[in-house]
Amino acid sequence: MRCIYEGGLKIMEEKEKDKIINQEKEELKDILGDLEGKAKIYAERLIDQAAFMYATLYELQEQVNKEGAVTWFEQGSQKMWRENPAAKTYNTMIRNYTKVIKQMGDITPGEGESDELMDFLKERK
C-alpha cells in the first residue's frame, strides 16, 4: 500500500485518498443525476476534477494543521519563516474548487425551477 508523503511527513495513505475521491464522486453524481446529453458529459468531467480537488484539499488541510501556516525554511545561508507551501497550494486550489462547483451549479436546474425551463431551452435548438 502506497502512502502520500510531503517532506518526510506521512499525509495520508493512497487508499484513503481514493476512498475520499470515490465518496465525493458519488455524492456529486447524486446531486447532478438528472442531467442528460452534453450537460451530463460536461458534469462528469467536472465531477472528476471536483472530487480530486476535494480530497487534495483535505490532504493539504491536514498538512497545514500538522505543520502550521508558516514553516521555518533553510537553504544554505538563507534562513527565514515562510508561508507553508501546502497553505499556498490550498489557497490556490480552494479558489479553483469553488469555480468548478459553481460551474456544476450553473448547469444544474435549481430547485423551484421547473423542467419547463429546460423543455423551453431544448425546443429552441
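**Helix H3 and its surroundings**

Trainee: What does a side-chain oxygen of asparagine 84 reach at the start of H3?

Mentor: In this predicted model, that oxygen comes to within 2.8 Å of the backbone nitrogen of alanine 86, at the start of H3.

Trainee: How many residues does H3 have, and how far does it reach?

Mentor: Helix H3 covers residues 85-107, which is 23 residues. From its first C-alpha to its last it reaches 34 Å, close to the 33 Å expected at 1.5 Å a residue.

Trainee: Which residues of H3 are buried?

Mentor: They are Ala86, Ala87, Met93, Tyr97, Val100 and Met104. These buried residues pack against helix H1 (14-31), helix H2 (37-67) and strand S4 (78-83).

Trainee: And arginine 95, is that residue buried or exposed?

Mentor: Arginine 95 is found in helix H3, and it counts as exposed because its relative accessible area is 51%, where the cut-off is over 50%. A polar atom of its side chain lies 3.3 Å from the backbone oxygen of asparagine 91.

Trainee: What is valine 100 in contact with, leaving aside its neighbours within four places in sequence?

Mentor: Valine 100 is in contact with Leu46, Ala50 and Met53.

Trainee: Changing topic, how many aromatic pairs does the structure hold?

Mentor: There are two aromatic pairs in the structure. In one of them, the ring centres of tyrosine 54 and tyrosine 97 are 6.3 Å apart and the planes stand at 40 degrees, so this pair is tilted. The pair links distant parts of the chain, since tyrosine 54 belongs to helix H2 and tyrosine 97 to helix H3, 43 residues apart.

Trainee: Why does tyrosine 97 count as buried, and what about tyrosine 54?

Mentor: Tyrosine 97 counts as buried because its relative accessibility is 15%, and buried means under 20%. Tyrosine 54, at 39%, counts as partly exposed.

Trainee: Which residues form the aromatic pair that is edge-to-face?

Mentor: Tryptophan 72 and tryptophan 81 form that pair, with 5.3 Å centre to centre and 70 degrees between the planes. Tryptophan 72 is partly exposed, at a relative accessible area of 45%, whereas tryptophan 81 is exposed, at 59%.

Trainee: In what sense do strands S3 and S4 pair?

Mentor: Strand S3 (residues 70-75) and S4 pair in the antiparallel sense over six bridges. Glutamate 74, for instance, has lysine 79 in S4 as its bridge partner. The hairpin of S3 and S4 has two residues between the strands, and there glycine 76 takes a positive phi near 65 degrees.

Trainee: Finally, what pattern does the whole protein follow along the sequence?

Mentor: The pattern is β-β-α-α-β-β-α-α, and the secondary structure comes to four helices and four strands. Of the 125 residues in the protein, 25% are buried.

Trainee: What share of the contacts between residues at least 6 apart in sequence joins residues at least 24 apart?

Mentor: The share is 55%.

Note on methods
Residues numbered from 1 in each chain as written. Predicted model: local features only at pLDDT ≥ 70, side-chain atom pairs only at ≥ 80, totals over all residues. Heavy atoms only, no water. Expected span 1.5 Å × (residues − 1). Buried < 20%, exposed > 50% of the residue type's maximum accessible area, 1.4 Å probe, protein only. Contact = heavy atoms within 4.5 Å. Polar contact = N/O pair within 3.5 Å; in protein donor to acceptor, adjacent residues only side chain to side chain. Pairing = 2+ DSSP bridges. Phe/Tyr/Trp six-rings, centres within 6.5 Å; stacked < 30°, edge-to-face > 60°.
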